[in-house]
Amino acid sequence: MSAAPARVLLLWCPDWPVLAAEIVDGVPATGPVAVLHANRVVACSERARAEGVRRGLRKREAQGRCPQLTVVEYDPGRDTRAFEPVVAAVEELVAGVEVVRPGACAVVARGPSRHLGGEEAAAERIVEHVAQTCAVESQVGIADGVFAAGLAARDGRIVPPGGTPRFLADLPVEALGRPALADLLRRLGVRTLGDFAALPAGDVLARFGFDGALAQRLAAGRDHRPLAVRQPRADLAVTADHDEPLDRVDAAAFAARALAERLHDRLAAHGLACTRLGIEAVTAHGQELHRVWRHDGLLTAEAIADRVRWQLDGWLSGGTGRAGARSTRPTAGIIRLRLVPDGVVAQAGLQSGLWGEAGEERERAHRALSRVQGILGPEAVVTAVLGGGRSPADQVRLVPWGDERLPARPGEQPWPGRLPPPAPAVVLPDPLAAVVHDAAGEPVEVSARLQVSAEPARLTVGAARPVEIVGWAGPWPVDERWWAPAEARRRARFQVCLTDGTALLLAVEAGRWLVEAIYD
């Protein structure tokens, strides 16, 4: 059983690319403005939305709906540079702020709620402080997990602990951020996250694949697990000292690229890759600056250099902001720059064998899969890790591409009662409820002494029609952790073959029949 998602406080600035264009380039955000990337709208102002402009529209269609539309090209560096004063303002009140993306940052809610008088008081205090310091409007959402907190921030809502599934239930399926899946669900009549979460997990897995199953977990309030980061070794950080203080963005960017390549080479030499990057700088006056960037996937040398360049641009251009906003520009140039791999994973843990252990082919495949993760999320690409256990669900663990591939249970130790080979082809993430009847139509029961009341004759899974059983074997008992009442589990397993040729692994637990896996 997975642990409950942590309480997360997420600050979100609506329409941030539009607001960043106003802060940096002076484009009035009160007018009809659209930010374009690859000729499509990625953000637009409230005035533009009132004229019918929406995200995803092509430039020509957006201008057709709003002839007065001001078009701005997407610039992640500009967004980061404008967002830096906001992050610095949040950091004045709470520690451990992580930049999710320009326009959104998150922190574990437990610390702010304790020090600022509760979650509601913390949210109000942070929003007010950002408004006074940076002249920027923002909203805070608090919920169980980053996914739900991001959606709660759009309404400035605090979801009670344990209430995340109810909060998500009425939201449209488009909230998942998977347009293709949302469109398909709409056409199938599934319109809300609650409807999606209520579907049988086995059917979702069979119809939509693993990505659909992971999306269903989000819809049910079971946020994706965090990256399997581990504490990095002390000698992995890289530092560069500069005799001449860096006070220009172009000079800082040149230094950042060289330092990023050093860090990437050092991690590669140890078979590691970075998932969270700490950027530290010291100015000529002794001022210390620090920021942490989170990335859903592995940071390449180019990605590290981009984030360092964006951050240095944000620091050195700290005076750029709205009238009345506090300047965050350092008082002197930067004389020391340090990159710390705050979270690393073993690159050797990546799935191998399809493209070899190293070389251009493997790197190209890795970049492609990391690109998919960047678009669809870290759990859009997963690999299987075999481990120990007695049931198929215990022996296989799915981890996102790039995470450390460590088994949940040691596989080398003996596991009495372990299911013998061949292994099932499909292991259901959530077993399906079933009923087994005998030839007379009576339910088949298994006693505590493993006595079967009658020979199984028909199987009914959920609301499906009964199917005749032509062969069966069992029962095989499993009695686990009997010494820990809260974790004890006792069940009996059966293998059955149906008239349609399907072979299933069944289990009886507490008088209930369950379908655990499907054989090929």
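**Exercise 1. Which residues line the largest cavity, and which elements supply two or more of them?**

Solution.
- Take the lining: Thr80, Phe83, Glu84, Val87, Val99, Arg291, Trp293 and Gln311. A cavity is a set of points, on a 1 Å grid over the protein atoms alone, where a 1.4 Å probe fits but cannot get out; lining residues have an atom within 4 Å of a point.
- Assign elements. Helix 4 (76-91) and strand 10 (288-299) each give two or more residues. Helices (H or I, at least four residues) and strands (E, at least two) are DSSP runs, numbered from the N terminus.
- Helix 4 gives the largest share, four residues.
- Sort by class: four nonpolar, two polar and two charged. Ala, Val, Leu, Ile, Met, Phe, Trp, Tyr, Cys and Pro count as nonpolar, Asp, Glu, Lys and Arg as charged, the others, Gly among them, as polar.
- The volume is about 40 Å³, taken as the space filled by probe spheres set on the points, with grid points joined across faces, edges and corners.

The model is predicted; local features need pLDDT of at least 70, side-chain atom pairs pLDDT 80 or more, while totals for chains, interfaces and linings use all residues. Residues are numbered from 1 along each chain as its sequence is written, and side-chain values use heavy atoms, without hydrogens and water.

**Exercise 2. Describe the second largest cavity by volume, elements and class.**

Solution.
- Its volume is about 30 Å³.
- Helix 7 (146-153) and helix 8 (164-169) each supply at least two lining residues.
- The lining has four nonpolar, three polar and three charged residues. Among them are Asp144, Phe147 and Arg222.

Methods. On a 1 Å grid over the protein atoms alone, a cavity is a set of points where a 1.4 Å probe fits but cannot get out, and a pocket is an open set with protein on both sides within 12 Å along at least five of seven lines; lining residues have an atom within 4 Å of a point.
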